[in-house]
Amino acid sequence: MLRITVSHEAGGTSFALSGRLAGPWVEEFRRCWRSATDPNGRRGGAVRVDLRHTTFVDEAGKALLSDMQRCGVGFLASGCMMRAVVEELTI
């Protein structure tokens, strides 16, 4: 299960994920990201993803986060596992 919370602010768009970014939730998050931003993955400002309450990311989820990073999306992570996931994206 994954809860996606979207916030549109003056400085940009934020997504807060709670739960597991895996299986069908990966495509749901991709649709949510694309519908909330322009075709380049932005919407008039910075885009951030808060992973502090994410408990697991499968390979498809990592691929999506990597795609998002290439579009300039920033990530907020805590805990060993999520910080490692974000560090892998920069390799």
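Reader: Which angle do the axes of helix α2 and helix α3 cross at, and within what distance do they come?

Author: Two packed helices are described by the angle between their axes and the distance between those axes. Here the model is predicted, local features need pLDDT of at least 70, side-chain atom pairs count only at pLDDT 80 or more, and totals for chains, interfaces and linings use all residues. Residues are numbered from 1 along each chain as its sequence is written, and side-chain values use heavy atoms, leaving out hydrogens and water. The axes of α2 (residues 59–70) and α3 (residues 79–89) cross at roughly 55° and come within 9 Å. The two helices are therefore oblique to each other (under 35 degrees is roughly parallel, over 145 roughly antiparallel, 65 to 115 roughly perpendicular, the rest oblique).

Reader: Which residues meet there?

Author: From α2 come K62, L65, S66 and Q69, and from α3 V85, E88 and L89, where contact means heavy atoms within 4.5 Å.

Reader: How many salt bridges are there?

Author: Side chains of opposite charge can pair when their charged atoms come close. A salt bridge is a side-chain nitrogen of Lys or Arg within 4 Å of a carboxyl oxygen of Asp or Glu, and the count comes to eight. In one of them, D67 pairs with R30, the closest N and O atoms being 3.4 Å apart. D67 lies in α2 and R30 in helix α1 (residues 24–36), so the pair ties together parts 37 residues apart in sequence. D67 also pairs with R70, with closest N and O atoms 2.3 Å apart.

Reader: Which residues are linked in a network of salt bridges?

Author: E27, R30, D67 and R70 are.

Definitions and conventions. Axes are lines fitted to C-alpha atoms, for helices over the stretch in contact, and angles run from 0 to 180 degrees between N-to-C directions. Helices (H or I, at least four residues) and strands (E, at least two) are DSSP runs, numbered from the N terminus.
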